[in-house]
Amino acid sequence: MYNSKIIGLGKFLPENIVTNKDLEKTMETSNEWIIERTGIEERRHIKKGDNEGTASMGVKAAKIAIERAKIKAQEIDLILFATLSPDYYFPGSGVLVQEALDIPDCPAMDIRMQCSGFVYAVSTADQFIKTGMYKNVLVIGSEYHSGGLDMTTRGRGVSVIFGDGAGAIVMTREENNEIGILSSHLHSEGKHAEELSLIGPNTGRWVPEIIAENKQDDISYYPYMNGQFVFKNAVVRFAEVINEGLEKTGWSPDQIGMLIPHQANLRIAQFVQRKFGLSDDQVYNNIQRYGNTTAASIPIALTEAWEEGKIVPGTKVVLAAFGSGFTWGSVMIQW
Ligand code: ACO
């Protein structure tokens with residue numbers, strides 16, 4: 001059995017910055033409310049007409065990751081694309097990346113695990129690399145939320161949180177089994193599927209039916225979140241799944257060099273930080289600048305932490321996520 005390790009990282013954020021003050025123009029909200037409840041100061045939104053999308057942002061992040069990995073795109077054996085906002089209902093966005101990067105016929109798979117999507121994708125890549133089936137795997141998390149949010153007061157409980165962006169990594173085979181991904185831990189609990197969801201259109205309510213009804217006030221096309229219920233579950237599951245990784249690796253919390261939590265809400269990250277007694281420089285947060293970018297949040301934060309020199313050979317890195325499904329997971333990495 002091989003190990004897998006990360007050899008290239010990249011990120012892409014749209015240039016257009018949307019501040020909390022900007023949101024006050026379309027909905028009843030305030031800078032103070034958003035900062036107090038979420039920690040978010042600004043986020044990026046793709047500008048209509050910019051010809052940007054979920055796959056194209058992923059491609060930009062992937063090109064940087066591939067260059068830093070010092071391999072050619074054509075050496076990629078598998079593409080894993082984590083998103084809840086694919087360019088099309090079908091096919092997935094992974095095949096669009098494959099075409100854009102001109103990789104002849106490698107498998108390209110979308111992973112639909114929302115906020116936990118990147119953690120699930122890293123774990124999936126790790127299994128393929130461990131068995132020897134694939135050597136180089138490109139893992140992308142990308143989200144284009146802004147076009148689909150309800151930017152009126154009706155949607156404010158959800159819409160102030162989410163932002164657009166993409167992150168990507170290249171993973172490869174490692175023969176030293178003390179380096180790279182040491183363990184990953186994945187969970188889901190479908191009984192809470194609708195607590196954080198976007199329901200329509202769906203197979204119980206197809207598009208012709210929706211068009212025939214023509215209801216302007218139908219909110220099933222917008223994301224729904226039972227915020228307090230999600231918050232309560234998130235803090236419990238984050239802690240559980242980080243503990244699971246600590247038990248498996250035998251690490252103590254003070255040995256964690258960098259915890260990269262999914263950037264759901266700064267208050268959730270702070271709760272987890274306190275729970276494990278971690279110092280500020282053991283946890284990376286950038287939700288203040290980008291909002292919650294769902295499957296993209298961990299690869300964007302991981303890339304920034306690495307670019308800032310906070311992750312170097314020898315650093316013990318923990319990735320942890322919780323989100324819609326509910327789904328949650330962690331990945332333990334010896335850099
Ligand atoms: N601006 C001003 N007021 C608002 C806003 C807003 N943007 N949104 C909601 N409110 C109002 C509500 O209408 C409500 O008013 P009312 O008391 O008159 O009815 C009041 O603020 C309180 O609303 P709550 O939803 O109870 O506010 P809460 O303190 O729970 O904060 C939040 C909402 C920030 C969503 C919180 O529940 C939360 O962080 N939940 C965790 C979920 C999360 O982090 N989701 C991220 C995506 S999921 C993921 O990645 C895991």
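User: What span should the 23 residues of α8 have at 1.5 Å a residue, and how far apart are its end C-alpha atoms?

Analyst: Helix α8 is residues 227-249, where a helix is a DSSP run of H or I with at least four residues, a strand a run of E with at least two, and both are numbered from the N terminus. The expected span is 1.5 Å times one less than the number of residues. That gives 33 Å for α8, which agrees with the distance between its end C-alpha atoms, also 33 Å.

User: What kind of model is this?

Analyst: Residues are numbered from 1 along each chain as its sequence is written, and side-chain values use heavy atoms, leaving out hydrogens and water. Local features need pLDDT of at least 70, side-chain atom pairs count only at pLDDT 80 or more, and totals for chains, interfaces and linings use all residues, because this is a predicted model.

User: Are α8 and α9 parallel or oblique to each other?

Analyst: Axes here are lines fitted to C-alpha atoms, for helices over the stretch in contact, with angles from 0 to 180 degrees between N-to-C directions. Those of α8 and α9 (residues 266-275) come within 10 Å and cross at roughly 40 degrees. Angles under 35 degrees count as roughly parallel, over 145 as roughly antiparallel, 65 to 115 as roughly perpendicular, and the rest as oblique. So α8 and α9 are oblique.

User: Is the crossing of α8 and α9 left-handed or right-handed?

Analyst: The convention goes like this: left-handed if the near helix is turned anticlockwise from the far one by less than a right angle, right-handed if clockwise. For α8 and α9, the crossing is right-handed.

User: By class, how many nonpolar, polar and charged residues does the contact of α8 with α9 have?

Analyst: Contact means heavy atoms within 4.5 Å. On the α8 side there are F231, A234, V235, F238, A239 and I242, and α9 brings R267, I268, F271, V272 and K275. Ala, Val, Leu, Ile, Met, Phe, Trp, Tyr, Cys and Pro count as nonpolar, Asp, Glu, Lys and Arg as charged, and the others, Gly among them, as polar. The tally for this contact is nine nonpolar, no polar and two charged.

User: Which residues of α8 are buried?

Analyst: Buried means under 20% relative accessible area, exposed over 50%, and partly exposed in between, using a 1.4 Å probe and protein chains only. In α8 the buried ones are V230, N233, A234, V235, R237, F238, A239, V241, I242, G245 and L246.

User: How many of the eleven residues of α11 are buried?

Analyst: The buried stretch of α11 lists S297, I298, P299, I300, A301, L302, T303, E304 and A305. Helix α11 (residues 297-307) is therefore largely enclosed by the rest of the structure, the buried count being nine.

User: What angle do the axes of α3 and α4 cross at?

Analyst: These helices are α3 (54-69) and α4 (94-101). Their contact is right-handed in its crossing, and the axes come within 9 Å, crossing at roughly 55 degrees.

User: Which residues of α4 make the contact with α3?

Analyst: That angle makes α3 oblique to α4. From α3 the partners are A55, V59, A62, K63 and I66, and from α4 they are L96, V97, A100 and L101.

User: Is K70 buried or exposed?

Analyst: K70 isn't a glycine, but its phi is positive, near 55 degrees. It lies in the loop between α3 and β4. With 73% relative accessibility, K70 counts as exposed.

User: What is omega near for the peptide bond from F90 to P91?

Analyst: P91 sits in the loop between β4 (78-82) and α4. The bond from F90 to P91 is cis, with omega near -5 degrees.

User: Which residue does a cis peptide bond join to G325?

Analyst: G325 is in the loop between β12 and β13, and at 15% relative accessibility it counts as buried. Apart from neighbours within four places in sequence, it contacts Q114, E189, G190, H192 and A193. The cis bond has an omega of about -15 degrees and joins G325 to F326.
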